[in-house]
Amino acid sequence: MSSAAEERMRRQSARNGWLLSMPALALLAVAAIGPLAIIVVYSFLTPGQYGNVVWEFSWDGWVSILFSRDIFDGTLGLADAHLTIFWRSVKLSIMTTLVAFALGFPTAWFIATRPARQRAMWLFLITIPFWTNLLIRTFAIMEVIRAEGVINTVLLWAGVIERPLAIIYTDTAVLIGMAYVYLPLMVLPLFAAIDRFDMRLLEAGYDLYASRWQVLRRIILPIVKPGIVAGSILVFVPSLGAYVTPRVLGGGKNMMIGNFIELQFLAGRNWPLGAALSVTLLVIVTVALLFYVRAANRGSNPHG
Amino acid sequence: MAERRYEISRIPGFATIAVATFVMLYLPIAALVTYSFNAGNSVAVWEGFSLHWYEKAWANQAVKDATVRSLTIAVCAAVISTAVATLAAMGTTRRARFRGDTFIYVAINQPLMVPEIVTAVALMILFGMVKQATGYQGLGYLILAHSAFCIPFAYLPIRARLEGMDLSFETAAADLYASPWQTFRHVTLPLLGPGILAGAMLAFVISLDDVIITEFVKSGGQDTLPTYMLGQLRRTMTPEVNAISSALLALTVLLLTAFFLLTRKRD
């Protein structure tokens, strides 16, 4: 084939590719990607008195993320309440990731070392909760940890405790809930990494008198590291933006960033602040996902 | 004494933790479903088996309306997102790489990456403006929003199916003077069928389950099943919520099982 004809075919292929993708891209532009631009614009406007905005440029939205203006003398001070919410969000997201890893790694290892025929069944058992309504799963965990819930009933019956443990509406409840709902996001990439792991390396390790701990630390963990990074980010990112779980299990007090954003909009508090918080969350998530892409690429390319 | 085979890949404690994890994963769901059959009106004290709460939920007009609304939105969103996702999958697989194909791929998967609360707030502002300008308050906004975030869920299984199909059938059809449309209609589409069905089912499940975006976009009195359940939190919870949850759960599991049977590799 002549290079001119090749070039023409290539161009036609690109044109068709774009044309066929156009309806999907248009829909996303209108109802998913485009609206994000509005958020950026709103973060630089002046808050209206009863919610909404006044179309005047202002840095206030961004400034009030960290500082609050004293109502009497107008001086700026650190907004402690906001910092508490950020700190809680980051802390709970990191702890969720750690708990999910502590439970998810053995689980993924267990699934990957099952006989091939059983493996699909175990994987399916992990994927069902993954696709099930987040709200339903949050209600389910509430059933277990509430004052008259399964845990308290069993512990009371067994005489371990005399009064029901107050778990619900605490940070611990949010942590348990998030670890529960996001666990499958940790197990699936870990399984993918462990599934590719060459078990003969273990034999080599044991032959050279490595202890189990050494084999785990020096052979297994370094090799499945891309899966660990991927799973951790996949759990950390939705945890940081969580809304439903802290709302249901945290009660009104134990807000995370997602609930704080809602408060700015629905209670008509301060739309530009809510917009600035949303942009911040978006930037953090994007950076985390870039790390994810790098980890995932390294995982697929053994020489990377 | 039976000889125990030495398993090189066994790490002490891992199997125990794994089994415990599976129990922890399913115990809350089991509790939720169990109490949906409770005869009493507590979600904590068991008073015997009954279908009372299912009947009650079924007779509740608010639940009925929310169910119809949820299903309407989910069907529309599944059809729209699957249609555009099929076209996009055709445009981005089985052809030479072209300028911008990575951009298209990232754009299509964007709803998977942005925190839902951010999209929800953005849509609330945008649709709020449109609602004010046009006066239209209908379900269209929810259908539009759901169609958009369902696109990646429809796209990925269709793309996976397409990547597993080689071009020889289509080339053969073209050699026999089939027009591109005939080739698509009689060759590609039937082969792609299971992928499209799988994509549509995932989109349906995702739309049916959505809470956050729906909560922010809906106009007054447009509760779907999940937002109705979220609203019940403010009251004393009765097993009615468990009954609705269990019914939704059953539907999801049913669709997922069908999905896995459809996409299962034949080897």
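A residue is termed buried if 20 or more other C-beta atoms lie within 10 Å of its own, exposed if 12 or fewer do, and partly exposed in between, with C-beta atoms placed from the backbone. By this criterion, buried residues account for 42% of the 267 residues in chain B and for 42% of the 304 residues in chain A. The model is predicted, and local features therefore need pLDDT of at least 70 and side-chain atom pairs count only at pLDDT 80 or more, while totals for chains, interfaces and linings use all residues. Residues are numbered from 1 along each chain as its sequence is written, and chains are lettered from A and ligands numbered from 1 in the order in which they are written.

Secondary structure was assigned from DSSP runs (helices, H or I, of at least four residues; strands, E, of at least two), numbered from the N terminus. Chain A contains 13 helices and 4 strands, whereas chain B has 11 helices and 0 strands. From the N terminus on, the elements of chain B run α-α-α-α-α-α-α-α-α-α-α. The radius of gyration of chain B is 23 Å, well over the 18 Å that the globule rule gives for 267 residues, so chain B is more spread out than a compact globule. Here the radius is taken over C-alpha atoms, and the rule is 2.2 Å times the number of residues to the power 0.38. The C-alpha trace of chain B spans about 80 × 70 × 30 Å along its principal axes.

The C-alpha trace of chain A extends over about 85 × 75 × 35 Å along its principal axes. Domain 1 (1–33) and domain 2 (79–300) are given by the domain assignment of chain A, with bounds that come from an automatic or database assignment. The C-alpha centres of domain 1 and domain 2 of chain A lie 38 Å apart.

Two residues are taken to be in contact if their C-beta atoms, placed from the backbone, lie within 7 Å. Among contacts between residues at least 6 apart in sequence, those joining residues at least 24 apart make up 68% in chain A and 78% in chain B.

The contact between the chains takes 71 residues from chain B and 67 residues from chain A. On the side of chain B that touches chain A, the elements giving two or more residues include helix 1 (14–36), helix 3 (61–92), helix 4 (101–113) and helix 11 (239–263) of chain B. The largest share of that side, 13 residues, comes from helix 1 of chain B. By class, the side of chain B that touches chain A has 56 nonpolar, 10 polar and 5 charged residues. In this classification Ala, Val, Leu, Ile, Met, Phe, Trp, Tyr, Cys and Pro count as nonpolar, Asp, Glu, Lys and Arg as charged, and the others, Gly among them, as polar.

Helix 4 of chain B has 13 residues and reaches 18 Å from its first C-alpha to its last, close to the 18 Å expected at 1.5 Å a residue. The expected span is 1.5 Å times one less than the number of residues. A kink of about 35 degrees lies at Ala107(B) in this helix, shortly before the proline Pro111(B); the bend is the angle between axes fitted to the seven residues ending at a residue and the seven starting there. Ile104(B), Ala107(B), Ile108(B) and Pro111(B) are buried in helix 4 of chain B. An α-helix has 3.6 residues a turn, so residues three or four places apart point the same way. The cover over the buried residues of helix 4 of chain B includes helix 1 (3–42) of chain A together with helix 3 and helix 6 of chain B.

Val174(A) is found in helix 7 (residues 171–195) of chain A and is buried, with 28 other C-beta atoms within 10 Å. Residues that Val174(A) touches include Leu92(A), Pro246(A) and Asn254(A), not counting residues up to four places away in sequence.
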